[in-house]
Amino acid sequence: MKAAPPRWADRLLELFLEPHLLEDVQGDLYEVFSRRVGEVEPGRARREYALAALNYLSPFFLRRKPKYELQASQPLLSLTMLRNYLKIAFRTLAHNKAYSIINVVGLSIGLGAAMLILLYTKDEVSYDRFHRNTDQIYRIVLRTYTAAGVPEGQGGNTGAVQGPKFKAGVPDIRSFVRYREHRNDLKLGNEIVSQSVFYADTSFFNLFSFPLIHGNPVTALQKPQSVVLSEEMAAKAFGTTDALGKILFLKDSYNSESPFKPYTVTAVARKAPQNSSIKFDIVMPYYDKEGNNDETDWFSTFQNTFVLLRPGSDLRAVEARMNRVYQADAREQMKMVAEKYGLTQKRVYALQPLTDMHLNPDLPADNGLVDNSNPMFSYILSGIALFILLIACINFVNLTIARSLKRAKEIGVRKVVGGGRSQLILQFLGESYLLSFGAFALALVLVQLVLPTFNQVSNKALALSYLFDFRLVTAYLSLFFLTGLLAGFYPALVLSGFNPVETLYSRFRFSGKNYLQKSLVVLQFSLASFLIIATLTVTSQFNYLTSKDLGYDDRNLITVVKSNLTRPEAKLLREQLVNNPAIAGMAAKNQGRWGTVAKINGETQIEFTYETVDEAYLPMLKIPILKGRNFSPDFPSDSSQSVIVNESFVKKAGWKNPIGQQVNFWYNNNEKYRIIGVVKDYHFLPLNEEIRPQLFTMRPGNSFGMAYIKIKPGTETASLNHIEAVYKKLFPINPYAYKFKDEDNRQSYEAVEKWRQIMLFGAVLTIFISAIGLFGLATLSAERRFKEIGIRKVLGASVSSIVRLLSSDFLKLVGGSFVLAFPVAWYALNRWLENFPYRIDQSAWTFLGAAGIALLIALFTVSFQAVRAAVSNPVKSLKAE
Amino acid sequence: MRRAFLGEFEEIVLLVVAACPSEAYGVTIWEDVQQQTGRSITMSAVHATLYRLEEKGFLSSVMGGATAERGGRRKRFFTLTNAGVRALQDIQEVRARLWQAIPPGKFQLT
């Protein structure tokens, strides 16, 4: 075996020798060693080698620096340095108050917005998750297909038969609950109020986890004429939540024959959580509702049915089994329906998870279920929050870098006395975290302050205490860390890279043309002007919707609901109302939206809105009759033989000459009507729906449900008093409530109004934060060019030319942002407007207006500083050194 | 600084590098120095001197010529720089002048 020099000696050399000397020294030693091995015994050669190696351990050859940098003696974070960092950080913050305030306020607004939106989205996705069995609860939904198998539609509602039949036929379904909304009149002392109530199966409080304050969840809905109240309702009715065994008088609102019946309170439930699709004040046993006993009809749908599955059931298998049950049980009915109504569609039952309802626009939580929401709101809000946070971070980055010129000396000195780059990065990141922390604390305060308003706008009951949730806290903390990093990392990297020699000799120039700062400003203002355009467009669409001529006169029009308003009652009501000179007239109409089909041109079926009115309706609402005539008492046969239709109906039917055409209600004993008049299309539906075929009848079998009362302008108080007095005298047991039709119409645009508020809120915040950022940049730029301005003034520059000089740079950037913002805004808003059949056109004025607003705000912000710099005395700036 | 100060040992090492017929590196220089002076010298002393001379600008070095017996490590070949040549010449001149200046008769072994 070949002899080798002692390893320890080698190690010693490698550890202590200057790296650039090591190679040839060690090579030389090896060479001598290998020669000596041939001459003397190996042991001696090794000893000689070791001795020679040890000779190198003299100061001359030793490393000047330890192998692993300074770390061993000087940790990256020492307490002394930390104290110094803090002191310097506070000093710079205190010395630059404007800068600090802009950063902290901007960031805290951004963070606050992000927090609010996080709260909102968390609430949105947490809907219906509080039930013990949430994962096993499903809603039975129905999909329909044409005979050819093309999907036709889907709906979340079912009838009375599905629950019991599926439970019986599918072993994996453990229980079911049918849940039906209705209205009952309720006696509260001497008053009668109309109250929304729910009929539900006995298993309601088992399947869902609504805790009861008093009463037994298993038996609460077992006996007929028992009732479960919410704690609020109990307090309202009895003044206490301890209402067990007390009696409440209730009566079906829609059935005038049904009397008030006593109901015994069997349980009082805690208020349903705010993130629940099921919210109730009164729950009654399912079979207490008349007409709920027919459990054979597969084809009418009017309520929600929920089922509880066995844990671990295969959803597909359960659905398949449900459909087998349906096919077997409904065979006869399908045949009958196909014959009678010509129904050829195929119906398939499916299950929808309970938690899916809230944010599903195709199968929404409806028909007694509340709060259904469009996930779009969450997306847009999150997007806006992200915008705002991003803009605040951009401010931070821009201002820190722009201001760093002033700190260049500090950085230079730190580097000269041995500060490493990593230490500087740490210092600046630390400072950014310090600011973020301040902003974070301020943001929490802001959120707390804004929350009530936000709740009102978003229709929620959020509270900051929602925060005490592990996932949300984690989200907030990561938001904090991300913001600190986003805002602080780039400046830290740039600042720590300064060359100390340049900075200390004051030869330092801010490198390059500063493209980053410019592009960040462009990005900021693109976002801001996008939101301005959106706000303007949404606002004008909103104004358009609320001020568009509806085709009828909805001013001074009051509607009063009276279910089952009979012909004599209507006549009496009219006579008594018009006694008062303030009342101009009254017309009776059915309540709600009725739709039906009839046959025209022989066998063609046509779908239309079916309105039951009296003679006064059309003239009173000033709906123009284009052809033919209105219903008239001169023609007694009108009520049984004549109908009036609108233009859309005529168009759909394809008639040249509509008067005299026949409409055949074949399913109603082949009742046939002749068309006697055509009215001009008017918007009987909200403007987000297109005008559809409409048919007016006076058929005596259809009951009226409400009265339209026209009052004279300016007589609101007198008229309302009179109407209420007459109503209470004539219908003492019916609840009285009135609405102004124009206000009611406006309420249909609540969603648009919501969009408008969201956009406005986003636009104001982004513009504000962008503006204060621009203000900071302008301040720093004016400071930097202090001397230049002085020299210019001495040489005869006017104030206005200097203002122009200082502002034009920034205004150019703002102008550049439009190039980015306009196409995106145009595209996005076009998509939004497509949702409305009646909409405004996007006009160039909106864009010009937005550009004007953005430029004006920018000009105002920048020129404030520019003017200050321009009017300052040049002596001051030139004297100072 | 016109003239560099050279120690005795430094002068010898510099001269050995200059006199070396082939390329000079650590081991050859070390051996030559011992041979020429007849003294036993540690290799570290030679290396230290070589590096110091290089720092002073009298020598320059290139790396090269790795062999197996060196464990694959390269040698550092030293050559005289112009400054080195001039320094040796200066010393030579000074000495020559001094030799000339010795008065006859003073320089005798007694």
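Helices, in the sense used here, are DSSP runs of at least four residues, numbered from the N terminus. In the predicted model examined here, Tyr433(A) belongs to one such run, helix 12 of chain A, which spans residues 421–458. A residue with 20 or more other C-beta atoms within 10 Å of its own would be buried, and one with 12 or fewer would be exposed; Tyr433(A) has 19 C-beta neighbours inside 10 Å and therefore counts as partly exposed. Contacts of Tyr433(A) beyond the residues up to four places away in sequence are made with Gly484(A) and Gly488(A). Leu482(A) stands 49 residues from Tyr433(A) along the chain, and the C-alpha atoms of these two residues are separated by 9.9 Å.

Two further residues of chain A were examined for their backbone angles. Most residues other than glycine have a negative phi. Asp371(A), which is not a glycine, has a positive phi, near 70 degrees. Asp371(A) is placed in the loop that runs between strand 11 (346–353) and helix 11 (375–416) of chain A. Because 19 other C-beta atoms lie within 10 Å, Asp371(A) is classed as partly exposed. A positive phi, of about 55 degrees, is also found at Lys622(A), again a residue that is not a glycine. Lys622(A) is likewise part of a loop, here between helix 17 (617–620) and strand 16 (625–628) of chain A. The number of C-beta neighbours inside 10 Å is 13 for Lys622(A), so this residue counts as partly exposed.

On the side of chain A, 17 residues are in contact with 16 residues of chain B. Helix 2 of chain A, comprising residues 19–39, gives the most to this side, contributing twelve residues. By residue class, the side of chain A that touches chain B consists of eight nonpolar, five polar and four charged residues.

Chain B itself contains four helices and two strands. Read from the N terminus, the elements of chain B follow the order α-α-α-β-β-α. Chain B has 110 residues, of which 30% count as buried. Where contacts in chain B join residues at least 6 apart in sequence, 46% of these contacts are between residues at least 24 apart.

Technical notes:
Residues are numbered from 1 along each chain as its sequence is written. Chains are lettered from A and ligands numbered from 1 in the order in which they are written. This is a predicted model: local features need pLDDT of at least 70, side-chain atom pairs count only at pLDDT 80 or more; totals for chains, interfaces and linings use all residues. Two residues are in contact if their C-beta atoms, placed from the backbone, lie within 7 Å. Ala, Val, Leu, Ile, Met, Phe, Trp, Tyr, Cys and Pro count as nonpolar, Asp, Glu, Lys and Arg as charged, and the others, Gly among them, as polar.
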